[in-house]
Amino acid sequence: MSEQEWFNKDFYKVLGVSKDADDAAIKKAYRKLARTWHPDKNPGDEKAETRFKEIGEAYSVLSNKEQRRKYDAIRSMASGGARFSAGGAGGPDLSDLFGGAFTGGGTRVNFGGGADFGDILGGLFGASQPFAGAQGFGGGGFDPGRSGFASSPFAGAQTPRPRKGEDRHASTSITFREALAGTEVIMSIDGSKQKVRLPKGVKDGQKIRLRKKGRPGVNGGAPGDLVITIHVGTHPVFTRDHDNLRIVLPVTFAEATLGAKIEVPLLDGSSVTVKVPAGTQSGAVLRVRGRGVETSKTKGDLLIEVRVAVPKDLNDTQKAALEGFIATLEDSDPRAELLTKAKA
């Protein structure tokens with residue numbers, strides 16, 4: 001703002017204070033008005049932005065003792081009856097404006113081709129440009145971040161940065177079969193229904209992240225995410241071992257001893273035939289390739305743990321047959337090396 005405009009600006013009225021208000025009163029009035037009209041509280045409101053600039057202009061002058069003294073002097077002369085009339089050579093003629101200041105009378109000052117108040121007031125206040133120190137009020141308008149507004153409590157304030165919204169958290173429970181096949185669940189989140197598609201092979205305790213389904217962002221930031229924790233139920237036959245499925249296969253003593261072909265169930269309801277080699281020990285694991293957990297990246301195996309089922313409640317005939325068989329194995333001791341290894 002040029003110094004000429006000071007004649008038409010009532011900064012005391014802008015801040016709502018009296019002309020004899022002290023620094024504390026001026027600062028208090030400014031802070032209250034600045035909070036009310038700050039652009040951050042009135043986004044997109046041009047009227048508020050203009051009002052905020054006016055408040056800043058007024059405070060910048062009145063909060064500076066030297067600037068306030070000069071402003072009061074100019075306003076005092078203007079209110080004393082300064083008259084403007086057409087001058088020579090097309091320029092304005094200021095009459096009696098500074099008469100009292102220089103001679104005590106009605107001295108007439110003529111300006112050919114235009115008046116520069118900076119030069120006029122320089123003589124009054126002992127400086128060629130009494131407003132040179134008042135920065136921040138040039139042709140671009142008021143800017144609270146520039147040096148001329150350093151005394152403002154809002155100096156250096158920046159527009160708040162965009163911030164991502166907070167994540168929302170939820171959980172859901174699905175069956176073992178649903179986890180391996182993939183499924184769609186409908187969840188109630190913050191009172192609204194949310195349809196969620198779970199991929200094949202999801203694990204117990206796994207977290208599924210849905211982008212931008214969380215809380216709204218702040219100051220234009222992106223929304224947060226929705227994080228869903230998956231709880232998978234157990235199955236009576238199958239267990240999961242990473243991307244493999246495990247099953248315990250009971251076999252008879254004869255099947256384990258002589259070998260056999262046995263039908264093993266699969267999770268989808270079908271079955272697969274596996275060969276149990278002769279002499280298979282209890283606890284041995286057989287592998288069927290590609291019959292485990294299927295995901296978007298891989299397909300696991302089916303691991304079959306062989307477990308020899310010991311017969312109970314044998315009748316007399318069975319006992320006699322078993323005792324006859326044992327008699328043929330008198331020289332066979334499965335624990336022969338156990339004691340030797342234990343002492344080593």
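**A friendly note on this predicted model**

1. Let's start with Leu322, which counts as partly exposed because its relative accessibility is 37% (buried means under 20% relative accessible area, exposed over 50%, partly exposed in between, with a 1.4 Å probe and protein chains only). Leu322 sits in helix α9 (helices are DSSP runs of H or I with at least four residues, strands are runs of E with at least two, and both are numbered from the N terminus).

2. A word on the source: this is a predicted model, where local features need pLDDT of at least 70, side-chain atom pairs count only at pLDDT 80 or more, and totals for chains, interfaces and linings use all residues. Residues are numbered from 1 along each chain as its sequence is written, and side-chain values use heavy atoms, leaving out hydrogens and water.

3. Now look at the loop between β12 (271-276) and β13 (285-288), where you will find Ala278. Ala278 is exposed, because its relative accessible area is 55%.

4. Which residues does Ala278 touch, not counting those up to four places away in sequence? They are Ala256, Thr257, Leu258 and Gly259 (contact means heavy atoms within 4.5 Å). For Thr257, 21 residues apart from Ala278 along the chain, the C-alpha atoms of the two are separated by 5.2 Å.

5. Finally, the whole protein: it has ten helices and 14 strands. Of its 344 residues, 32% are buried. Among contacts with a separation of 6 or more, 52% are between residues 24 or more positions apart.
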